[in-house]
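Hi,

Here is the structure I said I would pass on. Have a look at it first, and then read my notes below.

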Amino acid sequence: MKKIIFASFILISITAAAQPAIGDLSPEITLKDLKGNPVSLSSLKGKVVLIDFWASWCGPCRRANKHLVSIYPSLKNKGFEIYGISIDEDTNDWKKAVTADKSHWVHVNENGGWNAPVATQWKIDQIPTNYLLDQQGKIIARDLEGRELEKAVKALLKK
Amino acid sequence: MKKIIFLLLLVIAASTLRAQFTRASIQASGLTCAMCSRAIDNALKELPFMETVKPDIKNSMFALVFKQGQEADVDAIRKAIEDAGFFVAKFTITGNFTNTAIKNDAHIAIAGKEYHFLDVKDQVLNGEKSLVLVDKNFLTANAFKKYSTATSMQCIKTGKAGSCCEKAGLAAGTRVYHVTI
């Protein structure tokens, strides 16, 4: 009985762990990249980071990728990185999409689609969803796109 | 022994009656991208007869595969999509047929269900075939308008048999699936 109570406490505390919010320090994420090597979000500390939740079959995500591809090279040189989390269940689809989009940033994936632990922890209900982190890993903004995103990244890079 | 053979035959008959349709492809529409929503994916996966749900970006469709031997309920699928905040714009079901004769604008029983074929040539279906559902709310309003004029029967409006069908042995209120090829 005690065990059950203990287990349910753990469950409750996990579900009560709120979705990361603006102003919070981002929780650590470690997922496998295209080659199967684990990549931690914390390994990008010191850079301005865009956490980008997407999938190969998500049209709006692919269109957003196109824009990111166009701004990425010049911003990367100034200290910007993208941590792209795909919720594809089919990893071949994921890899094909990365190749097709020519998106040369950090790509990671976790099995389980919408119900993958990372998607659940971040309460991802629709994609694309993104979070912009400053150099210390603090969440500055959510769901910025296009010019707005570019402006925000540039402002953070000047800090 | 006779009983066993009878039971066996019954099982075989029942299994051919079920599992008529093996998969479906559905286009869902709404104000936002339907495939980009967790709600619709979860709602479809929660259906007891659903094996896999896979978004297909090329055709902006969901490819659904049903569990083997389980009867798919297209009305439950439509409801799941609507409850998730979207509507069905196109719904195609695929299954295997063996010498199934169909006629235009007539009710035909297939695997224990009533189908009403619209805008088709009289023909015999064999092998894997796909049917497009043209019942209200299974396609866009404009497309429905087109099919609703393809028959004078009332059932196209409700998806259910009218009292006029009782002469033909079809109880009023029986679900009639309106389809085309």
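**What I found**

Let's start with one residue: A:Leu157 sits in helix 5 of chain A, which spans residues 146-158 (helices are DSSP runs of H or I with at least four residues, strands are runs of E with at least two, and both are numbered from the N terminus). This is a predicted model, in which local features need pLDDT of at least 70 and side-chain atom pairs count only at pLDDT 80 or more, while totals for chains, interfaces and linings use all residues. Residues are numbered from 1 along each chain as its sequence is written, with chains lettered from A and ligands numbered from 1 in the order in which they are written.

(Buried means 20 or more other C-beta atoms within 10 Å of the residue's own, exposed means 12 or fewer, and partly exposed is in between; C-beta atoms are placed from the backbone.) Leaving aside neighbours within four places in sequence, A:Leu157 is in contact with A:Val48, A:Lys78, A:Gly79 and A:Phe80, where a contact means that the C-beta atoms, placed from the backbone, lie within 7 Å. A:Arg142 is 15 residues from A:Leu157 in sequence, and their C-alpha atoms are 17 Å apart in space.

**Chain A**

Chain A has five helices and seven strands, running α-β-β-β-α-β-α-β-α-β-β-α from the N terminus. Of its 159 residues, 30% count as buried. If you take the contacts in chain A between residues at least 6 apart in sequence, 70% of them join residues at least 24 apart.

The seven strands make an open sheet with mixed pairing, in the order 2-1-5-4-3-6-7 (two strands pair if DSSP finds at least two bridges between them). At the edges are strand 2 (38-40) and strand 7 (139-142) of chain A, each pairing on one side only. From one strand to the next, the twist averages 35 degrees. (For angles, axes are lines fitted to C-alpha atoms, for helices over the stretch in contact, and the values run from 0 to 180 degrees between N-to-C directions.) Strand 4 (residues 80-86) and strand 5 (residues 106-109) of chain A run parallel, joined by four bridges; A:Ser86 has A:Asn109 in strand 5 as its bridge partner. Helix 2 of chain A (residues 59-77) packs on this sheet and touches strand 3 (48-54) and strand 4, with its direction at about 155 degrees to that of strand 4 of chain A.

**Chain B**

Chain B has five helices and eight strands, and 28% of its 181 residues count as buried. Its average pLDDT is 88, with 90% of the residues at 70 or above; pLDDT is the predictor's confidence in each residue, from 0 to 100. One stretch needs care: over residues 11-19 of chain B, pLDDT stays under 50. Where pLDDT is low, the predicted coordinates should not be read in detail.

The eight strands of chain B also form an open, mixed sheet, in the order 2-3-1-4-7-8-6-5. Strand 4 (residues 87-102) and strand 7 (residues 123-133) of chain B pair in the antiparallel sense over nine bridges, and B:Lys129 in strand 7 is the bridge partner of B:Gly95. Helix 3 of chain B (residues 74-83) packs on the sheet, where it touches strand 1 (21-29), strand 4 and strand 7; its direction makes about 170 degrees with that of strand 4 of chain B.

**Where the chains meet**

The model scores ipTM 0.78 and pTM 0.82. Which chain gives 13 residues to the contact, and which gives 10? Chain B gives 13 and chain A gives 10. On the chain B side, helix 2 (38-45) and strand 2 (50-56) each supply two or more residues, and helix 2 gives the most, with four.

The largest nonpolar core has 72 residues, and those with the most contacts inside it are A:Cys58, A:Tyr83, B:Ile26 and B:Leu44. (Such a core is a set of buried Ala, Val, Leu, Ile, Met, Phe, Trp, Tyr and Cys residues joined through C-beta atoms within 7 Å.) Strand 3 of chain A gives the most to this core, with six residues. Apart from neighbours within four places in sequence, A:Cys58 is in contact with A:Ile127, A:Pro128, B:Cys33, B:Met35 and B:Cys36.

Best wishes

Conventions. Contact = placed C-beta atoms within 7 Å.
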